[in-house]
Amino acid sequence: MRAFEKRLQSFEVTETSHTLAAYRSRGGYGALAKALRSMKPADVTKEVYDSGIQGRGGAAFPMGRKWQVVKPDDGLEHFLCANADEGEPGTFKDRWILENAPHLLLEAMAIACYAIGAHHCFIYMRGEFDLSRRRVEGALEEAYGAGLLGERILGTPFSCHVVLVRGAGAYVCGEASGLLSSVEGKKGYPRNRPPRLTVRGLFQKPTVINNVETLSNIPWIIDHGAAAYRALGTPKSPGTRLVSISGHVVRPGVYEIPFGTPLDEFIYEDCGGVTGGRALKAVVPGGISTKVLVAKEIAGLPMDHASLDAAGSSLGSGGMIVIAEGTCMVRLLQVMLRFYHHESCGQCTPCREGTGWMHRIVDRIAAGRGAAGDIDRLIHVSHFNDGTTICGLGDAAGYATVGILDKFRDEFEHFMAHGRSRCGGSLA
């Protein structure tokens with residue numbers, strides 16, 4: 001691992017490193033004290049804006065610009081929501097924070113609430129995250145007991161209350177407006193926009209929604225300043241990024257790396273390369289909703305938003321999946337489309353019907369019964385979803401499908417011509 005100053009993983013994980021005592025021994029809640037006692041809310045927002053930090057949930061929207069929309073003194077009630085519904089397959093880096101640094105998230109949320117003038121905020125957590133739930137509940141109890149949350153925090157006039165809300169595990173509830181619908185006790189259907197959620201969000205009030213990792217950078221930025229934050233990364237993607245890597249890789253896990261780290265160096269030097277000494281076939285760089293890249297495309301490719309976009313993919317949610325030679329891409333697409341079909345909420349006809357048709361077509365191919373025109377039919381249905389649905393699930397299913405067909409069409413043609421996989425149908 002190359003040497004640099006880590007900002008989120010800057011401590012050794014032990015059995016007690018998630019506790020308040022351990023967090024305070026690392027300087028925890030110092031940024032909150034600094035913000036409340038020496039900065040105005042607008043100063044906090046300006047520091048975040050100047051840092052250039054972008055959202056880590058997939059859209060990479062500038063965090064400071066989102067905060068600027070909400071005026072803390074406009075007389076309206078405001079809300080903050082931490083999106084802890086990490087449902088993108090292959091992505092598990094937010095869970096690392098929830099389990100190992102829950103006080104980092106709570107401190108960040110209190111600072112964010114101070115900046116945007118919110119006094120009530122919510123953590124929306126995926127229901128399956130049991131250890132995360134227990135760690136966050138324990139941290140909330142500790143923080144309230146120590147006067148770090150609740151009324152008149154640290155003896156200042158500022159009050160902030162945090163509520164943990166557990167979802168039922170629906171992928172679409174990780175989408176910002178679907179998340180709010182679920183917090184309101186409704187079915188987790190995404191909403192049409194505009195109006196933006198920062199204008200009319202939770203209970204029709206201005207609401208900021210930030211991903212767990214995005215928020216967790218705030219204490220470091222307040223402690224060290226925007227200029228120091230920009231010292232790592234690239235000019236357009238400053239700072240560091242948590243990447244969860246899985247698949248055919250020797251050392252899977254969650255890594256913190258500076259933006260701009262070459263993708264192949266990360267896989268081979270930091271993560272030990274491909275399992276079994278096999279050659280690299282492809283990489284899904286940012287969760288399965290991002291387009292796959294083949295081995296020759298990642299050589300020297302910097303891991304930042306602009307470089308991945310230029311390469312035809314995206315850094316997405318930070319969930320990287322390594323695919324070794326010998327993997328059947330037909331079977332892989334079949335698994336992916338089963339997921340999208342199952343997780344479509346059914347609100348929009350193109351997504352509900354489209355993901356179903358895509359799943360059935362690739363099922364037919366994988367069963368050796370592919371019909372003439374099935375590949376082009378898959379591409380046609382994928383494109384039909386583009387821009388015709390309320391949220392991005394239908395689009396994502398299309399991106400993933402077209403990305404694999406563009407790079408591995410020959411495998412699908414072989415399967416249809418011979419009724420079997422060129423790779424033995426292996427996903428191992």
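How many cavities of 30 Å³ or more does the count come to?

1. The count comes to one cavity of 30 Å³ or more. Here a cavity is a set of points, on a 1 Å grid over the protein atoms alone, where a 1.4 Å probe fits but cannot get out. Its volume is the space filled by probe spheres set on the points, and the largest cavity holds about 90 Å³.

2. This is a predicted model, in which local features need pLDDT of at least 70 and side-chain atom pairs count only at pLDDT 80 or more, while totals for chains, interfaces and linings use all residues. Residues are numbered from 1 along each chain, and side-chain values use heavy atoms, without hydrogens and water.

3. Residues lining the largest cavity include Val-172, Pro-190, Cys-345 and Leu-393; lining residues have an atom within 4 Å of a point. By class, the lining has eight nonpolar, four polar and no charged residues. Cys counts as nonpolar and Gly as polar.

4. There are 21 salt bridges, each a side-chain nitrogen of Lys or Arg within 4 Å of a carboxyl oxygen of Asp or Glu. In one of them, the closest N and O atoms of Lys-93 and Asp-94 are 3.0 Å apart. Lys-93 is buried, at 1% relative accessible area, and Asp-94 is buried at 2% (buried is under 20%, exposed over 50%, partly exposed in between, with a 1.4 Å probe and protein chains only).

5. Asp-374 and Arg-364 also form a salt bridge, at 2.6 Å from N to O. Asp-374 is buried, with a relative accessible area of 0%, whereas Arg-364 is partly exposed at 26%.

Terms used: 1 Å grid on protein atoms, 1.4 Å probe; cavity = no way out; pocket = protein on both sides within 12 Å on 5 of 7 lines; lining within 4 Å.
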